[in-house]
Amino acid sequence: MLPCKLCGQRKKLIKAHIIPKQFYRRIMHGTPNLLKFEVDNVVNRSITQSGVHQNDLLCSDCDNQIGRYDDYAYEVLTRQIDEKKLHSFGRGLYVYEIGEIRVEIFRLFLVSLVWRAGIARDQMFQLIKLGSYEERLKQILLGKKSELLDSITAVIILFRPPKYPDIMWSPFCSKMDGINIATFYLPPWKIWLKLDRRPFRDPFDKFALTIGKPVYATVQDFWSKGEFSLLCDFHKRSRIAAGLE
Ligand SMILES: [Zn+2]
């Protein structure tokens with residue numbers, strides 16, 4: 001028996017999702033399957049009924065514990081957007097009022113999400129590289145390094161691109177103004193999770209999750225340069241794979 005990647009005990013390991021299955025279900029709109037594309041030199045297409053999971057990561061106790069964080073995050077990151085909660089921030093910028101949340105639990109969700117993505121084998125998560133954070137995040141989940149949890153924060157973005165709102169893009173690590181972040185897509189939301197001791201730079205420091213403060217998401221209604229080039233690249237490779245170019 002392999003040990004559970006979280007508690008280390010040799011117990012029966014179960015089918016564990018990397019991104020909570022509720023978020024996949026949300027973009028399926030009642031259809032039986034999702035299309036999963038891997039863009040490399042060729043486009044690999046497969047179908048998935050419940051999203052990417054792995055059978056040798058977690059025991060059921062650990063998966064249940066993480067599942068409670070997933071459930072809470074799913075409540076916070078709602079499917080329905082209430083247009084009344086959109087507020088102008090000046091200069092064409094908008095914010096979305098999420099309001100009071102239990103930041104401690106939501107942060108544990110973020111920690112578990114990025115930790116799972118960091119250890120997952122699936123191609124979808126290949127751009128999540130945690131380095132020394134992998135062990136630190138695990139210690140937080142085990143309740144052993146709570147002081148580290150205080151440095152974990154994120155900016156939530158309501159992502160409303162002009163087209164294709166229901167694509168769950170692969171998460172990736174990058175730098176934003178020199179700060180290490182991991183970006184996750186949980187339609188209609190996008191999350192910038194900070195993996196850095198330094199704070200977010202202005203203006204995003206104002207939107208970072210803070211205990212005791214209501215949460216506001218920033219609204220992004222356009223493709224970033226990176227997202228747009230990813231989409232163009234994907235389009236081009238799919239045409240080549242289909243023999244159209
Ligand atoms: Zn376990």
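Helices (H or I, at least four residues) and strands (E, at least two) are taken here as DSSP runs, numbered from the N terminus. The structure is a predicted model, in which local features need pLDDT of at least 70, side-chain atom pairs count only at pLDDT 80 or more, and totals for chains, interfaces and linings use all residues. Residues are numbered from 1 along each chain as its sequence is written.

In the loop between β10 and β11 lies Ala208. Exposure is judged from C-beta atoms placed from the backbone: a residue is buried if 20 or more other C-beta atoms lie within 10 Å of its own, exposed if 12 or fewer, and partly exposed in between. Ala208 counts as partly exposed because it has 16 C-beta neighbours inside 10 Å. Two residues are taken to be in contact if their C-beta atoms, placed from the backbone, lie within 7 Å. When residues up to four places away in sequence are not counted, Ala208 touches Thr153, Ala154, Val155 and Phe200. The C-alpha atoms of Ala208 and Trp192 are 9.2 Å apart in space, with a separation of 16 residues in sequence.

The loop between β10 and β11 (215–220) also holds Pro203. The peptide bond that joins Asp202 to Pro203 is cis, with omega near 5°. A cis bond also runs from Pro187 to Pro188, where omega is near 0°. Pro188 belongs to the loop between β9 (179–186) and β10 (189–194). Most residues other than glycine have a negative phi, and most peptide bonds are trans.

Tyr164, although not a glycine, has a positive phi of about 50°. Its place is the loop between β7 (154–159) and β8 (172–176). Tyr164 has 10 C-beta neighbours inside 10 Å and therefore counts as exposed. In Asp177, likewise a residue other than glycine, phi is positive and near 50°. Asp177 is part of the loop between β8 and β9, and with 10 C-beta neighbours inside 10 Å Asp177 counts as exposed.

Two packed helices are described by the angle between their axes and the distance between the axes. Axes are lines fitted to C-alpha atoms, for helices over the stretch in contact, and angles run from 0 to 180 degrees between N-to-C directions. Angles under 35 degrees count as roughly parallel, over 145 as roughly antiparallel, 65 to 115 as roughly perpendicular and the rest as oblique. The axes of helix α2 (residues 60–76) and helix α3 (residues 103–119) come within 8 Å, crossing at roughly 115°. By this angle, α2 is roughly perpendicular to α3. The crossing of α2 with α3 is left-handed, a term used if the near helix is turned anticlockwise from the far one by less than a right angle, and right-handed if clockwise. On the α2 side the contact involves Ile66, Tyr69, Asp70, Tyr72, Ala73 and Val76, which meet Ile105, Phe106, Leu108, Phe109 and Ser112 of α3. These residues divide into nine nonpolar, one polar and one charged, where Ala, Val, Leu, Ile, Met, Phe, Trp, Tyr, Cys and Pro count as nonpolar, Asp, Glu, Lys and Arg as charged, and the others, Gly among them, as polar.

Helix α3 also packs against helix α4 (residues 133–141), with axes that come within 10 Å and cross at roughly 135°. At that angle α3 is oblique to α4. This crossing is left-handed. Val111, Ser112, Val114, Trp115, Gly118 and Ile119 of α3 make the contact with Glu134, Leu137, Lys138, Ile140 and Leu141 of α4. By class, the contact of α3 with α4 comprises seven nonpolar, two polar and two charged residues.

Ile119 is a residue of helix α3 and, with 18 C-beta neighbours inside 10 Å, counts as partly exposed. Beyond residues up to four places away in sequence, Ile119 touches Lys5, Leu57 and Glu134. Ile119 and Lys129 are 10 residues apart in sequence, and their C-alpha atoms are 8.8 Å apart in space.

Leu34 is found in strand β2 (residues 34–39). Leu34 counts as partly exposed, with 18 C-beta neighbours inside 10 Å. Its contacts, leaving aside neighbours within four places in sequence, are Tyr24, Met28, Ile47 and Thr48.
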